[in-house]
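Here are a few notes on the charged side chains, written for someone new to this. Have the structure open while you go through them.

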Amino acid sequence: MVKRANDAAAPKTAGERDTAERQAEALKEVAELFSLPPEEIDRAIRAWAQKSKDPYDRGLAELYARNYSASTRDLTVSVQMRRQQALNDQADLVDADQSLGQSLHAEGKYRPAAAAYEEANHYRPDDPQILNEWGLSLLDAADYMAAEPLLRRALAIDEKALDPDHPDTARVLNNLA
């Protein structure tokens with residue numbers, strides 16, 4: 001309810017400002033959606049705001065109350081927390097895609113394995129291990145033309161990050177050969 005009320009009250013054109021009238025109309029609009037009187041919606045939002053612990057929820061409540069400095073503070077904390085969670089979720093997704101690729105490859109399902117590695121590469125594009133495993137899947141699927149640039153990229157990254165004589169570099173070079 002509070003998100004809808006805030007969205008409805010937000011300026012829609014350049015130069016438009018937040019006003020009590022705009023907020024009252026937004027509240028009326030939301031109240032109609034829920035088939036409740038605007039006063040009841042307002043009471044529910046304010047009661048919810050008192051109980052809220054989450055910075056996003058507090059920020060929404062403060063935005064609704066037109067306490068912009070508190071809203072900005074809480075929403076800034078919320079955005080930072082959500083960005084960190086998104087990064088963690090993305091890392092978990094890459095790990096899952098890579099593990100799926102490894103499992104599919106071990107089953108002899110080279111094309112689906114390559115697709116899983118391609119998905120992992122989408123989120124971690126310069127990971128030489130992912131590039132190498134993707135290239136190996138394509139090699140085993142007899143798609144040499146598609147495998148070569150991936151293996152060359154993995155080799156270039158390993159040569160720069162590691163030593164040309166490093167075992168990982170040698171493995172990728174062997175796969176490329």
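1. First, the term we need: a salt bridge here is a side-chain nitrogen of Lys or Arg within 4 Å of a carboxyl oxygen of Asp or Glu. Keep in mind that this is a predicted model.

2. Now take arginine 124 and aspartate 95: their closest N and O atoms are 3.5 Å apart, so the pair counts as a salt bridge. Arginine 124 sits in the loop between helix H6 (110-123) and helix H7 (128-140), while aspartate 95 belongs to helix H5 (residues 68-106), so this contact ties together parts that are 29 residues apart in sequence. Both ends are partly exposed, with relative accessibility of 28% for arginine 124 and 39% for aspartate 95.

3. Next, look inside helix H3 (residues 38-51), where arginine 46 and aspartate 42 are four residues apart, so about one helical turn separates them. These two form a salt bridge, with 3.1 Å between the closest N and O atoms.

4. Aspartate 168 is partly exposed at 31% relative accessibility, and arginine 171 is partly exposed at 48%.

5. Finally, Arg58, Arg73 and Asp74 are linked in a network of salt bridges. How many salt bridges does a search of the whole structure find? The search turns up 12.

Definitions and conventions: Residues numbered from 1 in each chain as written. Predicted model: local features only at pLDDT ≥ 70, side-chain atom pairs only at ≥ 80, totals over all residues. Heavy atoms only, no water. Helix = DSSP H or I, 4+ residues; strand = E, 2+ residues; numbered from the N terminus. Buried < 20%, exposed > 50% of the residue type's maximum accessible area, 1.4 Å probe, protein only.
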